[in-house]
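Hi there,

Here is the structure I promised to pass on to you. Have a look at it first, and then read my notes below.

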Amino acid sequence: MRRELLFLLIPLLIGVAFLGVGVHGLRRAGELRRTGVTAVGRVVRYRTRSDHDGATYHHPVVAWTTRDGRACEHSSGLGRGSATRIAVGNPVTVRYDPRDPGRFAIQGWDSTTVHTVFTGVGAVLTIGALAVLLAAAV
């Protein structure tokens, strides 16, 4: 293999990693959509975090009771730049995994957009790098 082609391993590895993360997230969301149970919860507060660039993200913390009577309070994994979209105290619909209520999604807040973008970018990088490598091998 020519030395220049080794540089194609970088986008190939990044593409495979993005593809793996995206597909994993989409599969988990699909499983939750198929087998999850819905409940009405309330936003009890926001957990705020800042990244290394100084951007601030607000993650709603939702409390609800499972069908078998367990009290749950969990923070969404998806943070947004503004906490005003759902006010504290407002009711929200959650879909949770009955075996692990910490795996949940807030209807209207959590989405699969990030996982879809990761899957798309990963697919483009992976297919592009493989196409160049296969074309060079011929």
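**A buried histidine**

H58 counts as buried because its relative accessible area is 18%, and the cut-off for buried is under 20%. Please keep in mind as you read that this is a predicted model. H58 has its place in strand β2. Its side chain makes a polar contact, at 3.3 Å, with the side chain of T48.

**The sheet around it**

Five strands make up an open sheet, and their order is β3-β2-β1-β4-β5. The pairing between them is antiparallel. On average, neighbouring strands are turned by 40° against each other, if direction is ignored.

You can follow one of these pairings in detail. Strand β2 covers residues 56-65 and pairs with β3 over five bridges, in the antiparallel sense. If you pick V62, you will find that its bridge partner in β3 is H74.

**The nonpolar cores**

V62 turns up again here. The largest nonpolar core has 14 residues, and V62, W64, I86, V92, V94, Y96 and I106 are those with the most contacts inside it. Two or more residues come from each of β1, β2, β4 and β5. Which strand gives the largest share of this core? That is β1, with four residues.

Leaving out residues up to four places away in sequence, I106 touches P60, V62, S76, I86, V92, T93 and V94. Another core, of five residues, lies apart from the largest one, and L5, L8, L12 and L133 are among its members.

**The helices**

Helix α2 (residues 9-35) lies across β1 (37-50), β4 (91-97) and β5. Its direction is at about 95° to β5.

Helix α2 also meets helix α3, which spans residues 113-137. The two axes come within 7 Å and cross at roughly 145°, and the crossing is left-handed. Residues of α2 in this contact include L12, F18 and L26, while those of α3 include F118, L125 and L133.

Best wishes

Conventions. Residues numbered from 1 in each chain as written. Predicted model: local features only at pLDDT ≥ 70, side-chain atom pairs only at ≥ 80, totals over all residues. Heavy atoms only, no water. Pairing = 2+ DSSP bridges. Axes fitted to C-alpha atoms, helices over the stretch in contact; angles between N-to-C directions. Contact = heavy atoms within 4.5 Å. Core = buried A, V, L, I, M, F, W, Y, C linked by side-chain atoms within 4.5 Å. Buried < 20%, exposed > 50% of the residue type's maximum accessible area, 1.4 Å probe, protein only. Polar contact = N/O pair within 3.5 Å; in protein donor to acceptor, adjacent residues only side chain to side chain. Left-handed = near helix turned anticlockwise from the far one by under 90°.
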